[in-house]
Amino acid sequence: MNYPLHLAILVLLWGYIYTSWSLMGRLGMVSFGHGAFMGIGAYAVVMLWNHFGLSPWIGALVALAATAVVAVLIGYPCFRFRIVGHYFALVTLALSEVVRLLITALRDQTGGSLGATPKGALTEGTTVAIGAMQFESKLVWLGIVAAAWLAGLWVWRAVDRSMGRLALQAISEEEEAAASIGIHVTKAKLRITIVSALMTCVGGILYAQYQLYVNPDTVSGIAISLQMVFGVIAGGMFVMLGPTVGAAFTLLLAEGLRLAFGNRYPALDITIYGAMLVLFIIHMPNGILGAALERFRRRRERSLLKAAA
Amino acid sequence: MTELLDIYLLEAVLNGLLLGGLFALLSLGLNLIFGVIDVVWICYAELMMCGMYAVYYLYVQFHWPLALAMLAAIGIVALLGFLLHQFVIRPVLAAEPINQLLVTGGVLFFLQAAATLAFGIDFRNLGLALPALRVGDMSFSAARLIAFGVALLGVLGLFLFLNRTYVGTAIRAISQDRAVMPLMGVSGPRIFAITSALGGALAGLGACLLVLQYDVHPAIGLSFGPIVFLICVLGGLGNLLGGFAAAFVFAQFISIGGYFFAIEWGYVIAFAFFIAAMFWRPRGLFSR
């Protein structure tokens with residue numbers, strides 16, 4: 001029972017994180033820097049707990065504040081100076097590397113590239129330590145990540161229905177033209193960036209507390225940032241459940257191959273995944289769910305036409 | 001002040017200079033590709049990884065002479081560059097620019113994982129013990145000196161090729177006006193294919209220099225990739241001279257930062273400098 005539950009938790013958690021990323025990605029801001037926000041969330045909470053005994057709930061507030069500051073520090077100049085496209089992707093890539101290297105360099109405090117474990121609060125007999133945000137039962141975690149995931153989808157929909165989304169879509173098509181009809185480009189972009197960054201930070205906190213282990217290479221840096229970008233692309237960047245489908249697809253692909261071949265071919269899943277990504281971007285840029293919905297809609301239109309005729 | 005000017009700082013500066021030469025060569029191919037085709041190969045460092053494995057296997061496993069193994073590696077990576085362009089980049093040339101960046105990210109995953117499958121995660125090296133050159137109290141590794149020399153020759157060679165040859169002129173012409181040059185009888189697709197192979201060959205040359213100094217393993221691309229991109233962006237993507245200069249700036253930050261603090265701090269400072277520089281000159285330090 002534990003294994004499927006673990007998979008469900010991971011799918012929902014990554015689905016949530018990918019959804020957070022896609023808030024920006026679908027509006028033309030392809031960030032390679034979200035590993036930074038996830039890393040800040042994961043490490044701030046664990047470090048404050050380990051070194052100062054600060055409850056992760058309070059640590060989370062500190063992490064969110066730090067994330068907001070970093071998001072503004074990076075976002076504001078980027079948007080103000082019209083750093084877009086490739087340049088935006090590469091500036092944010094530098095950001096996620098800075099966070100990873102900082103965590104590694106502060107090895108006396110963080111444990112460096114060996115990672116760190118939050119001090120255990122679950123003593124013999126207790127299964128729940130609310131103050132320490134540690135729960136033994138996977139069911140509790142399923143509830144928590146499901147709530148986060150639903151909240152993420154709700155934010156996605158709220159953004160989708162807002163005026164801001166229209167403004168950002170206009171910006172992503174033609175920034176100068178959007179500015180000329182009175183859209184405050186910097187403000188519109190900054191707002192969505194902060195929302196996306198804060199949500200990703202929460203994802204990092206949940207990931208750290210669920211796994212009870214953090215490592216600079218798995219919660220920050222270029223690898224994790226790319227994982228987010230491509231998970232979303234695989235699932236579908238422009239539909240609400242696309243990022244979740246991407247998370248489910250990548251996880252089930254990895255687990256399925258592991259079940260089929262054992263650990264004989266350790267990187268087979270990513271090899272296949274990488275090749276599929278290339279094919280996706282060339283042949284179905286809207287991702288799995290996007291392409292499926294498109295086909296479904298076309299079929300329905302055709303049958304409607306037939307019925308009308 | 002005198003303390004700052006000690007001999008070890010001088011050594012750090014000179015080593016930074018040598019590292020800058022290496023970086024300059026590594027960023028050359030990527031910059032060329034961007035300047036001509038307007039595409040960023042996110043998987044550029046993974047191509048170098050392939051080249052490093054090629055040298056390793058030919059030299060260590062098949063006992064080829066080192067020079068021949070290196071030449072073959074350059075040829076292999078050039079072929080990879082050509083194939084990458086024909087089968088991955090060409091289909092998305094008309095798509096949104098960001099898709100061209102992303103599609104090579106898929107290749108990055110593929111190459112890295114395929115290398116893990118094929119070669120395992122072990123660190124491998126050529127087992128060469130190159131001597132260190134000692135000047136007074138300072139020491140410089142011969143591998144770095146060789147890399148520096150070859151890098152300068154490579155840069156010079158590329159400039160001569162672009163400026164003195166017929167094909168080179170065509171490449172520069174296409175990069176200046178993609179729409180008009182085909183009307184003058186320059187075949188765009190052919191020039192792109194040649195440029196991609198040339199970019200691949202430069203990645204292969206970079207791989208030969210890297211494998212002299214570093215162990216090869218499937219994730220090595222992740223440790224050099226970001227630096228190479230940032231250097232290109234810092235110099236202005238597509239601006240070959242800018243990238244060349246930026247490589248030395250970047251290497252000094254790493255080397256001197258590493259001298260005063262630990263080596264990671266050198267990287268942290270260099271990356272932070274990069275971000276700040278982007279806000280100061282968004283089109284690159286050396287943009288006109």
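The structure is a predicted model.

**Chain B as a whole**

The secondary structure of chain B consists of 10 helices and two strands. Along the sequence, these elements follow the pattern α-α-α-α-β-β-α-α-α-α-α-α. The radius of gyration of chain B is 19 Å, close to the 19 Å that the globule rule gives for 288 residues, so chain B is as compact as a globular protein of that length. Taken along the principal axes, the C-alpha atoms of chain B fill a box of roughly 60 × 50 × 35 Å.

Of the 288 residues in chain B, 53% count as buried. Among the contacts in chain B with a separation of 6 or more, 75% are made by residues 24 or more positions apart.

The largest nonpolar core contains 203 residues. Those with the most contacts inside this core are Val55(B), Ala73(B), Val77(B), Leu230(B) and Phe250(B). For Ala73(B), the residues touched, leaving aside those up to four places away in sequence, include Val55(B) and Leu58(B) as well as Gly204(B), Ala207(B) and Cys208(B).

**The strand pair of chain B**

Strand β1 (residues 132-135) and strand β2 (residues 138-141) of chain B pair in the antiparallel sense over four bridges. Leu133(B) has Phe140(B) in β2(B) as its bridge partner, and Val135(B) is partnered by Met138(B). The hairpin has two residues between its strands, and Gly136(B) there takes a positive phi near 60°.

**Where chain A touches chain B**

The contact between the two chains involves 40 residues of chain A and 38 residues of chain B. On the chain A side, the elements that give two or more residues are α4 (85-105), α11 (221-235) and α13 (268-283). The largest share of that side, 15 residues, comes from α4(A). By class, the side of chain A that touches chain B has 33 nonpolar, five polar and two charged residues.

| Helix | Residues | Span between end C-alpha atoms | Expected span |
|---|---|---|---|
| α4(A) | 21 residues | 30 Å | 30 Å |

In α4(A), the span is close to the value expected at 1.5 Å a residue. Helix α9(A) is followed by Leu212(A), whose phi is positive, near 55°.

How is α4(A) placed relative to the rest of the structure? Of its 21 residues, 19 are buried, so α4(A) is largely enclosed by the rest of the structure.

**Ser220(A), a loop residue**

Ser220(A) lies in the loop between α10 (216-219) and α11 of chain A. Is Ser220(A) buried or exposed? A residue is buried if 20 or more other C-beta atoms lie within 10 Å of its own. Ser220(A) has 33 C-beta neighbours inside 10 Å and therefore counts as buried.

Ser220(A) and Val98(A) are 122 residues apart in sequence, and their C-alpha atoms are 9.3 Å apart in space. Leaving aside residues up to four places away in sequence, Ser220(A) touches Ser96(A), Val99(A), Arg100(A) and Ile103(A), together with Gly35(A), Ala36(A), Met38(A) and Gly39(A).

Notes
Residues are numbered from 1 along each chain as its sequence is written. Chains are lettered from A and ligands numbered from 1 in the order in which they are written. This is a predicted model: local features need pLDDT of at least 70, side-chain atom pairs count only at pLDDT 80 or more; totals for chains, interfaces and linings use all residues. Two residues are in contact if their C-beta atoms, placed from the backbone, lie within 7 Å. Ala, Val, Leu, Ile, Met, Phe, Trp, Tyr, Cys and Pro count as nonpolar, Asp, Glu, Lys and Arg as charged, and the others, Gly among them, as polar. The expected span of a helix is 1.5 Å times one less than its number of residues. A residue is buried if 20 or more other C-beta atoms lie within 10 Å of its own, exposed if 12 or fewer, and partly exposed in between; C-beta atoms are placed from the backbone. Two strands pair if DSSP finds at least two bridges between them. The radius of gyration is taken over C-alpha atoms; the globule rule is 2.2 Å times the number of residues to the power 0.38. A nonpolar core is a set of buried Ala, Val, Leu, Ile, Met, Phe, Trp, Tyr and Cys residues joined through C-beta atoms within 7 Å.
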